[in-house]
Amino acid sequence: MKPSAGSGPVTLAIMGCGQRGRAYAVYAQQHPERCKIVAVAEPRPKTRARMVQEHTVDSSLTFKSWQAFHAASEETIVTIGRRLADAVLIAVQDHMHAELVEAFAAQGYHILCEKPMATSIPHCLRIEESIKKAGVIFGMGHVLRYSPYSQAITEIVRSGQLGDLVNVVHIEPIGHTHFAHSYVRGNWAREMDSSFSLMTKSCHDIDIICSWLSPEKPERVSSFGGLRHFRKEAKPTTAGDSTRCLSCPAERSCPYSAKKSNVVYLEPVQAGKTGWPAAVIVDGIADIENVTDALHSGPYGQCVYESRNDVCDNQVVNIQFSSGATASFTMVAYTLLQCERQTRLHFTHGEIVGDMTDFTVTDFRTGATEKRSPMREGGGHGGGDLGLIRAFTEAVRTGRQELLGTDVTEVLSSHLTVFAAEESRRKGVTVDCGQFERKAREGWLLTGKQ
Ligand SMILES: NC(=O)c1ccc[n+]([C@@H]2O[C@H](COP(=O)([O-])OP(=O)(O)OC[C@H]3O[C@@H](n4cnc5c(N)ncnc54)[C@H](O)[C@@H]3O)[C@@H](O)[C@H]2O)c1
């Protein structure tokens with residue numbers, strides 16, 4: 001294991017200052033004694049300048065790309081034997097993760113990588129190998145694990161107080177406008193540009209299900225799903241030939257309008273709501289002018305029935321674990337709730353029913369039902385974003401990977417379950433998870449680890 005940080009705050013270099021880079025960086029503002037952003041790499045000038053200003057990053061440690069930061073690191077490592085920070089936070093797009101993890105692990109940085117680990121099985125295997133070889137702390141953006149709500153449930157699961165966990169039912173209601181923003185118009189709309197939606201949206205749902213049932217392993221998985229609605233055939237005839245909301249005659253009656261006040265970009269900005277999602281469609285401040293420009297020319301003003309998307313808008317996954325325990329998961333776009341997961345955990349002596357804010361615990365022996373409302377401390381994912389960055393910086397400070405409650409091999413394992421589920425959906429077969437992993441590892445070795 002590489003040496004942990006000294007007595008001062010853990011120093012972080014942020015690669016990619018978009019939505020996620022900024023979400024984690026908030027922790028440094030809240031707890032300057034524990035964490036400091038000392039370097040940033042970001043190509044978008046206004047986005048970069050904002051982060052630099054918010055964290056008073058020195059101009060000598062401000063870079064236009066992760067490659068430039070990496071080259072500067074190489075130089076200080078070779079000349080004075082020092083890295084430029086204790087750890088690197090990787091918050092660039094999905095298909096870039098593997099390259100960055102390999103490059104920074106080789107330089108000896110501790111790494112917090114956004115989810116998903118990577119977009120292909122060989123890339124995930126390369127990440128596992130490079131982290132193990134470097135012996136650095138590795139955190140994964142599986143933020144669901146780190147919210148006070150999830151941690152309280154996990155504590156009950158681990159305590160055994162309700163007996164054995166036999167079945168989990170878990171639903172990810174993505175939210176109809178969130179889906180249109182991210183998976184029809186946005187970064188995760190096309191499998192070729194990122195990955196399939198079970199991976200990009202729900203790898204952390206599968207991960208938390210697997211973590212609740214661990215040390216049992218997933219044995220078999222099956223899945224169904226597809227892209228049902230966001231396709232040309234579903235376009236209302238009243239929309240005619242129009243391909244953009246700003247000029248569409250059917251815009252007022254469309255639930256996916258890019259203008260509407262109860263939905264996404266323009267009217268919310270006019271009403272002063274300049275945060276997500278409007279904030280991520282422009283470089284810099286989301287004012288009316290910038291947002292109007294983005295809707296005129298960019299993907300976020302495009303008709304949802306005329307976009308380039310191809311990822312599933314609904315998918316179900318069934319998993320059987322080694323003890324015979326089962327889990328079912330549903331990911332669906334068409335919900336009013338936005339990412340507020342609904343979860344039921346069924347034990348031999350009781351049950352837990354939760355909605356990501358509160359949960360009830362029923363003990364069948366006493367018949368008593370208790371409601372729990374774990375404290376919410378702000379930040380995204382019910383406090384999971386802040387929970388993860390806190391656990392990561394503490395792991396780096398102390399050199400203790402176990403403070404993250406997981407490691408790179410477990411992260412890989414839940415990703416392989418997601419790949420196996422997708423294989424089941426595509427091929428219409430039930431997939432044996434053990435065999436799937438063996439084949440993946442053998443195939444990777446046979447192709448020279450490419
Ligand atoms: N954990 C979660 O729940 C969660 C939620 C959303 C997104 N994500 C993941 O987080 C990652 C980032 O997503 P986001 O929403 O912040 O995207 P984003 O597009 O807002 O941010 C990515 C940033 O990387 C920058 N970038 C591009 N090339 C670069 C380079 N060569 N060097 C440095 N920076 C570069 C972009 O300019 C952009 O600002 C993705 O992998 C995404 O899937 C995770």
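Predicted model: local features only at pLDDT ≥ 70, side-chain atom pairs only at ≥ 80, totals over all residues.
**Entry 1**

I count two strands as paired if DSSP finds at least two bridges between them.

I then looked at how β15 is held. It pairs with β8 (residues 218-226) in the antiparallel sense over 2 bridges, and V221 has V431 as its bridge partner in β15.

**Entry 2**

I walked along the pairings from β8. β8 and β9 are antiparallel over 8 bridges, with G226 opposite N314 in β9. β9 and β10 also pair in the antiparallel sense, over 7 bridges, and there I found V316 opposite T330 in β10. The hairpin of β9 and β10 has 4 residues between the strands, and G324 in it takes a positive phi near 100°.

Which residues of β9 lie on its covered face, and which on the uncovered one? I got Q315, V317, I319 and F321 for the covered face, and N314, V316, N318 and Q320 for the uncovered one.

Strand β7 (residues 165-173) was my next stop. It runs parallel to β10 (residues 326-332), joined by 7 bridges, and pairs in the antiparallel sense with β11 (residues 342-347) over 6 bridges. V168 has a residue opposite it in each of these strands: A327 in β10 and L345 in β11.

**Entry 3: the parallel sheet**

I found another open sheet, with 6 strands in the order β3-β2-β1-β4-β5-β6 and parallel pairing. Its edges are β3 (62-63) and β6 (138-140), each with a single partner strand, so one side of each is left without a neighbour in the sheet. The β2 (residues 35-41) to β3 pairing is made of 2 bridges, and V40 stands opposite T62 in β3.

I looked at helices packing on this sheet. α1 touches β1 (10-15), β2 and β4 (87-90), with its direction at about 145° to that of β2. Helix α3 (residues 66-80) touches β1, β2 and β3, and makes about 110° with β2.

**Entry 4: ligand shell**

I listed what surrounds the ligand and got 26 residues, the closest being G16, G18, R20, E114 and G141. By type, the shell holds 9 nonpolar, 11 polar and 6 charged residues. Which helix gives the most to this shell? Helix α1 (residues 19-30) does, with 3 residues.

**Entry 5: the core**

The largest nonpolar core has 130 residues, and I14, M15, I90 and I111 have the most contacts inside it. Helix α8 (residues 197-213) gives the most to this core, with 9 residues. In soluble globular proteins, nonpolar side chains tend to be buried together.

Leaving out residues up to four places away in sequence, it touches M15, H97, L100, V101, I111, L112, C113 and E114. Of these, E114 is also among the residues closest to the ligand.

K115 and P116 are joined by one, with omega about -5°, and P116 sits in the loop between β5 (110-113) and α5 (121-134). The bond from S214 to P215 is cis too, omega near 10°, and P215 is in the loop between α8 and β8.

Then I looked for positive phi in residues other than glycine. T56 has about 40° and lies in the loop between α2 (45-54) and β3. M356 is near 80°, in the loop between β12 (350-354) and β13 (359-363).

Are they buried or exposed? T56 has 9 C-beta neighbours inside 10 Å, so it counts as exposed. M356 has 21 other C-beta atoms within 10 Å, so it is buried; the cut-off for that is 20 or more.

**Entry 6: G275**

I finished in the loop between α9 (266-270) and α10 (288-297), where G275 is found. With 11 other C-beta atoms within 10 Å, G275 is exposed. From G275 to H110 I noted 165 residues in sequence and 31 Å in space, C-alpha to C-alpha.

Technical notes: Residues numbered from 1 in each chain as written. Near = placed C-beta within 6 Å. Nonpolar A, V, L, I, M, F, W, Y, C, P; charged D, E, K, R; others polar. Core = buried A, V, L, I, M, F, W, Y, C linked by C-beta atoms within 7 Å. Buried ≥ 20, exposed ≤ 12 C-beta atoms within 10 Å, placed from the backbone. Contact = placed C-beta atoms within 7 Å. Axes fitted to C-alpha atoms, helices over the stretch in contact; angles between N-to-C directions.
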